[in-house]
Amino acid sequence: MFRKITCTLLATLLTTVVATAQDETHGESYSPEDEEGQIDDQAVDSVAQFKQFKQNFIESTFCTEGLIVIDTLATANEAIQVVLYSDNTWKYIRNREIAKDTTIFEKYWDNKTLFPYRNADLSTMPSSVVIELLDTLENYHYPCMGKIRDNGKFGMRRRHHHQGVDLPLHMGDPIYATFSGRVRISEYNHGGYGNLIILRHDNGLETYYGHLSERLVECNQWIEAGQVIGLGGSTGRSTGPHLHFETRYYGQSFDPERLIDFQKGLLCRETFLLKKNFFNINSKAGEDFDDEVASAEQEKKEIVKQQAAKKAAIQSAKKFHKVRSGDTLSHLATKYHTSVKKICSLNRIKPTTLLQLGRSLRVR
């Protein structure tokens, strides 16, 4: 959403900005409920309704490297601003004083702890969560481009879990923010990451950028997609210059290649169906919504099958007795190792009910 402008067109731009901002927000102020990524309200009630979200590769939309912010302009919607850059381009951004989702940027917010979600109850997370990666204000930029090393993929590596991907680079290459958000961690990590930056994004995802030679952002700083946040390096536990890049949701890592084609620098889709089983380091589950629908149908068949088996088991466990001369409820209870009360309950009779010869009584 960027256009070339000149000073003579600035008045026209401001008019356009105000009108467009009103259209994009339908004349309403920003509401935290508009944000995505909350576990509570992102359950996929019917996977079939999301079949329309197909793979759709998206190029990086904006890079602020080398650009200077000339001015920040208000719009008719106080939650949206326009930033003017030194190369005569502009873009919409959120006014973070207004448009800040407290659920995303305050809950479990910690500038010292790498994994602040230890007390989060993941059992309440649904099996699938819809993550909006792009919207009219949300942009994307690859962290850096390159072919992932053969031993740098997400998964098992030398009998250890490798929680991200390793992207080769040259010392000092710029590292970009993948999505807009806020810096949660910017520090030297002695656990192996070296110079590390962790960004939390508007959709609830967190991205990790490790082994940097230099960090260019500070904790709690608001970041726009495409902003240079650091420089590539080989700090920490590293055998050479590369970027260690992770994607996490509520502290749980999943394969970044499910989101990004790093060799081409493309975002794979605008809307991402994050499945809970993606958190398994060995997960081979498919991305496509068609696969999800097929899995849901298969799961439904399995449930029906289990219910039928349970019903059959209950039916086979039933036992009946045909009343003969001399039978009493007490005698039957003793014979079938049950109680008079249970027999009465199963047959809807009373302990004083006279037993008729030939009547079939359920005793189990």
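This is a predicted model: local features need pLDDT of at least 70, side-chain atom pairs count only at pLDDT 80 or more; totals for chains, interfaces and linings use all residues.

Me: OK. Which side chain does the side chain of Glu 224 make a polar contact with?

Reply: That of Ser 180, at 3.2 Å.

Me: And where is Glu 224 placed? Buried or exposed?

Reply: Glu 224 sits in the loop between β13 (222-223) and β14 (228-231). Its relative accessible area is 13%, and buried means under 20%, so Glu 224 counts as buried.

Me: Switching topic: how many residues are in the largest nonpolar core?

Reply: That core has 42 residues, and Tyr 209, Ile 229, Leu 243, Tyr 249, Phe 254 and Leu 274 have the most contacts inside it. Elements giving two or more residues to this core include β10 (194-201), β11 (205-212), β14 and β15 (242-249). Another core, of ten residues, lies apart from it, with Leu 329 and Tyr 336 among its members.

Me: Now helix α5. Which of its residues are buried?

Reply: In α5 (residues 340-347), Ile 343, Cys 344 and Asn 347 are buried. Down the helix axis they fall within an arc of 100°, so they line one face. Lys 341 and Ser 345, on the other side, are exposed.

Me: What do the buried ones pack against?

Reply: α4 (329-335) and β21 (360-362).

Me: And what follows α5?

Reply: Arg 348, with a positive phi near 55°.

Note on methods:
Residues are numbered from 1 along each chain as its sequence is written. Side-chain values use heavy atoms; hydrogens and water are left out. Helices (H or I, at least four residues) and strands (E, at least two) are DSSP runs, numbered from the N terminus. Buried means under 20% relative accessible area, exposed over 50%, partly exposed in between (1.4 Å probe, protein chains only). A polar contact is a pair of N or O atoms within 3.5 Å; within protein, one must be able to donate a hydrogen and the other to accept it, and residues adjacent in sequence count only if both atoms are side-chain atoms. A nonpolar core is a set of buried Ala, Val, Leu, Ile, Met, Phe, Trp, Tyr and Cys residues joined through side-chain atoms within 4.5 Å. The arc is that of the directions from the helix axis to the C-beta atoms. Contact means heavy atoms within 4.5 Å.
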